[in-house]
Amino acid sequence: MTATVRIAPTPAGPIDVGPGAPLLLIAGPCVLESAELAREIALEMQAVAARLGVSYVFKASFDKANRTSLASFRGPGPEKGLRILGRLREEVRVPVVSDIHEPAQAEMAADVLDILQIPAFLCRQTDLLVAAARTGKVVNIKKGQFVSPWDMANAVDKVRGAGSERILLTERGASFGYNNLVVDMRSLPVMRSLGFPVVFDATHSVQLPGGAGSRSGGQREFIPVLARAAMAVGIDGLFLEVHPDPDQALCDGPNSLPLAEVEPLLKQLLAVRRAVAGVIDG
C-alpha cells in the first residue's frame, strides 16, 4: 500500500501526495538563471496549477554540480540561490524544491526549501540521504540511471533508518548504452510498491547525457509521449523542467518543455488520469 506523504508547512498550505490526492506538479527551470526568470515561471505554473486543480511546487537548482563541462553554467551557488528561492517562496507563496549535493548543505537548505531533492547520481550516498532525512523535510530521491527500481529500497531504508517517513521517489530513465536513456514503465509500480509516492520526471527521461559533446542533448518531442504513458501506468506526481525559450536556456534546454506547452499537456494527462482512476489504487 502506497502511503500518502504530506508536504507541510508550505506557503500554499499542506500538500498531500499519494493515492486519492491531487496530482503533484514539480516544475521550473533546470537551474536558477535569475530571480526574474524564476518568478516569471513560478507565477505562470502556479496559475496553471490553480486552473487545473493540481498541487504545485516550484523547482530550480541553485547549483548543478554534475554539469558535463567545467565551463558549463552551474547556477548562483547555495547562498545566493537559497536567498532567491526564499524570496520567491515568500513573495509568490509557492513551495520550493532544489537539489543538495553535500551533507553540509542539508540544514541550510531545509531552512528555505519545502522538499530536499537528492540528485540521481547521488541516490546511493548514505551520508547525504541521512542528512536530508534528519532535517524533517520531505526528501525526493531521484532514481539513479544505474540503479534498478527494486534497489531503491536501499535508499528508502537509509532515509527511514534516519527517522523519516516523508519520502518521494522519482523515475528519470535508465542508461541505455552510451548517451541515451530509456524508461522501463515497470519501474513505476515497482517503486510505488516500496510504500511511497512516485513521481515521473518526463524531461530528464528524454535527455541524451553528454550527447552533444561538452553538454547533454535531448529529445523534447518525446516528453508528452512518455508523460502520457507514465500517467496511464500510475504516478502521484509529474516533474517537468520548463522554460519560456528552451533553446536559450543555460542548462538542459534540449530536454526542457516550452512554458506555453505545459497547460495543454497537463490537460491531456489529467484526462488520462481520470480514465484510469480506480484501476491503479482500487
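Trainee: How many residues has the largest nonpolar core, and which have the most contacts inside it?
Mentor: That core has 87 residues, and those with the most contacts inside it are F58, I141, F200, L238 and L240. A nonpolar core is a set of buried Ala, Val, Leu, Ile, Met, Phe, Trp, Tyr and Cys residues joined through side-chain atoms within 4.5 Å; buried means under 20% relative accessible area with a 1.4 Å probe, protein chains only.

Trainee: Which helix gives the most to this core?
Mentor: Helix α1, residues 35-52, with seven residues. Helices are DSSP runs of H or I, at least four residues, numbered from the N terminus.

Trainee: Is this an experimental model or a predicted one?
Mentor: Predicted: local features need pLDDT of at least 70, side-chain atom pairs count only at pLDDT 80 or more, and totals for chains, interfaces and linings use all residues. Residues are numbered from 1 along each chain as its sequence is written, and side-chain values use heavy atoms, without hydrogens and water.

Trainee: Back to L238. What is in contact with it?
Mentor: Beyond its neighbours within four places in sequence, L238 is in contact with residues including L23, I26, F200 and L269. Contact means heavy atoms within 4.5 Å.

Trainee: New topic. Where is R172 found?
Mentor: In the loop between β8 (167-171) and β9 (174-175). R172 is buried yet has no salt bridge, which would take a side-chain nitrogen of Lys or Arg within 4 Å of a carboxyl oxygen of Asp or Glu.

Definitions and conventions. Buried < 20%, exposed > 50% of the residue type's maximum accessible area, 1.4 Å probe, protein only. Helix = DSSP H or I, 4+ residues; strand = E, 2+ residues; numbered from the N terminus. Lys, Arg positive; Asp, Glu negative; His and termini not counted.
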